[in-house]
Amino acid sequence: MYHTKNNDLQSILANICSEEQIEEISKLIAESNTKEELHNSLAKVYKKQATDFYKLLRPRYLRLKGLQESENTCTADEDKTMTAQKTEKVVYHDVLSVKLDELLDGKCNKDELALIREAVIDATTKQQLYIRMVKEFKKEKGCDIYNKIKPEYVSLHKLASEIIK
């Protein structure tokens, strides 16, 4: 029942919690309607660890919630449609990678591009993107990367939003 979202949750939580905690957190996400409700539920179950879990889950909440909703309403025919959509998302993903590589003049390696692509997908504002770039690449390189992609942020973010729909 939790297969797809667990793969995403495991990538987020694998280093800080057990498989049982991932299952519990999946349940809490399913039962919550807002990020605040999720945080309150985490606090009831995990006490001191709740804030750590929440900080990791907050930027991905809508994506995880969307995975659950699509999974819970999935029929056999919809499985084929979802497979086609996943293939389509890979194409968008590649288009986003190509666009970022063009903006950065090919100066970033594959791993750095993956980090930047994920940051563009997760960031809902230019400020969030800037903060993420500085955290990932230190101040000088992070600012340089941010300044190169900032003029295209709106179109990049729109493209990124297509990936997670």
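Which residue forms a salt bridge with Arg 132, and how far apart are the closest N and O atoms? I looked this up in the predicted model. The partner is Glu 136, with the closest N and O atoms 3.3 Å apart. Both residues lie in helix α8, four residues apart, about one turn of the helix. Glu 136 is partly exposed, at a relative accessible area of 33%.

**Confidence.** I checked pLDDT next. The protein chain has a mean of 75, and 70% of its residues reach 70 or more. Helix α8 (residues 126-149) has the highest confidence, at 92. Helix α1 (residues 3-13) has the lowest, at a mean of 57. Residues 1-5 stay under 50. I noted that residues 84-93 are also below 50.

**Other salt bridges.** My search of the whole structure gave five. Glu 112 and Lys 141 meet at 2.5 Å, N to O. Glu 112 sits in helix α7 (residues 110-122) and Lys 141 in helix α8, so this pair ties together parts 29 residues apart in sequence. Glu 112 counts as buried, at 17% relative accessibility. Lys 141 is partly exposed, at 34%.

I then took Lys 148 and Asp 144, whose closest N and O atoms are 3.7 Å apart. They are four residues apart in helix α8, so about one helical turn separates them. Lys 148 is partly exposed at 22%, and Asp 144 is partly exposed at 40%. I also found Asp 122, Arg 132 and Glu 136 joined into one network by salt bridges that share partners.

**Aromatics.** I found one aromatic pair in the whole structure. Tyr 130 and Tyr 146 are edge-to-face, 5.2 Å centre to centre, with 75° between the planes. Tyr 130 is partly exposed at 30%; Tyr 146 is buried at 9%.

Conventions
Residues numbered from 1 in each chain as written. Predicted model: local features only at pLDDT ≥ 70, side-chain atom pairs only at ≥ 80, totals over all residues. Heavy atoms only, no water. pLDDT = per-residue confidence, 0-100. Helix = DSSP H or I, 4+ residues; strand = E, 2+ residues; numbered from the N terminus. Contact = heavy atoms within 4.5 Å. Phe/Tyr/Trp six-rings, centres within 6.5 Å; stacked < 30°, edge-to-face > 60°. Buried < 20%, exposed > 50% of the residue type's maximum accessible area, 1.4 Å probe, protein only. Salt bridge = Lys/Arg side-chain N within 4 Å of Asp/Glu carboxyl O.
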